[in-house]
Amino acid sequence: MDREELTRWVGDTDAFLDDRWQTAPALFRHRPGTGPAAPLTLEEIDTAVAGGLLRVPHLEVARAGDPVHSSRYTRARTVAGVTTPGYADPDRLRRLLAEGATLVLRNVEHWHPATRELTGRLEEELGRRAEAFFFVTPPGAQGLDLHRDDADVLLLQVTGSKRWTVRDRPDGPDWSPGATGDGGPVLLAETVRPGEVLYIPRGSAHEAVGGDGLSSHLSLTIREVGTQNLFAALQRLLLDSLPLPARPLDDAALLATAELLLERFRARLPELTAAQVLAHARSAQRADGAVPGLGADPGLAALAERLGTPHGPAAGAAA
């Protein structure tokens, strides 16, 4: 299988998937011109924040040990007489960053087409849903306490540097994402610099502190399905197109419905494999996380083309 995008991030993809994937952290230092390029720049973030449409929950400010309420970096906007809170306030954000807080942009792929194209390529190559987060941290600051993520993470350092500490994975399947007091032994402790890629396996406890300059990095979280996803996939595979009454009225109707279910299960269960259920669950997860229309031809521009309407800078100048 062609894994062109993943190759840019980790080099030898076979070695990465065999030796590191979901197993051990790794730092990849690429030769100039061979590594990945960040689809999002600080200048574009400035434009998005100043433009006034970026808002909570796509926007967050974090500081380890000292939570920052959204009211401290957002303000309300009034449109057509309706006042809505949660919009980015550039001045408040600037002050908080100067005080050592970290700016977090969540699910960048929802609103930034180039980032969505990147996550889309990785989804195709890895067969799992990918999401993008962007972090901006001042020197010496820490945005998040030691924590575990319910996803594998590939992160690209864009500007400045950051000192990362990655600890062990959980001992068994009964664990929870989020802050943790004891992450186990240290498996990796490295300073990540521009152009370098850090891989953190799902569940590995980790934390980071800003180094030289203003640190910014793009984190790609590769989501994996869980037990509930598998159960839902099994239900869909077993019950697909089976006509079931919504509310059987009496014992006879209930027994008939139960028998219908049993007949379907007896017929289809022997045909199904665990691999089919897993593949169906991953496919459904990717579909659930899809952003409709993003990355395709813009709807209004495509409509203008079909109607033969002049548009773009030249059309605007003529008007």
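How many helices and strands are there in the chain? In this predicted model, the chain has 10 helices and 14 strands. Its C-alpha trace spans about 70 × 65 × 40 Å along the principal axes, and 38% of the 319 residues count as buried.

Let's start with a pair of strands. Strand β9 (residues 162-167) runs antiparallel to β13, and five bridges join the two. Within that pairing, Arg 163 stands opposite Val 209 of β13. Val 209 belongs, with Glu 207, to the uncovered face of β13 (residues 206-210), while His 206, Ala 208 and Gly 210 make up the covered face.

Now to the charges. Side chains of opposite charge can pair when their charged atoms come close. The structure holds 19 salt bridges. One of them joins Glu 196 and Arg 29, at 2.9 Å from N to O. This pair links parts of the chain 167 residues apart: Glu 196 sits in the loop between β11 and β12, and Arg 29 in the loop between β1 and α3. Glu 196 counts as buried, because its relative accessibility is 10%, under the 20% cut-off.

Another salt bridge brings Arg 286 together with Glu 124, their closest N and O atoms being 2.9 Å apart. Arg 286 lies in helix α8 and Glu 124 in helix α5, so the pair ties together parts 162 residues apart in sequence. Arg 286 is partly exposed at 22%, whereas Glu 124 is exposed at 54%. Salt bridges also link Glu 4, Glu 5, Arg 8 and Arg 121 in a network.

Definitions and conventions: Residues numbered from 1 in each chain as written. Predicted model: local features only at pLDDT ≥ 70, side-chain atom pairs only at ≥ 80, totals over all residues. Heavy atoms only, no water. Buried < 20%, exposed > 50% of the residue type's maximum accessible area, 1.4 Å probe, protein only. Helix = DSSP H or I, 4+ residues; strand = E, 2+ residues; numbered from the N terminus. Pairing = 2+ DSSP bridges. Salt bridge = Lys/Arg side-chain N within 4 Å of Asp/Glu carboxyl O.
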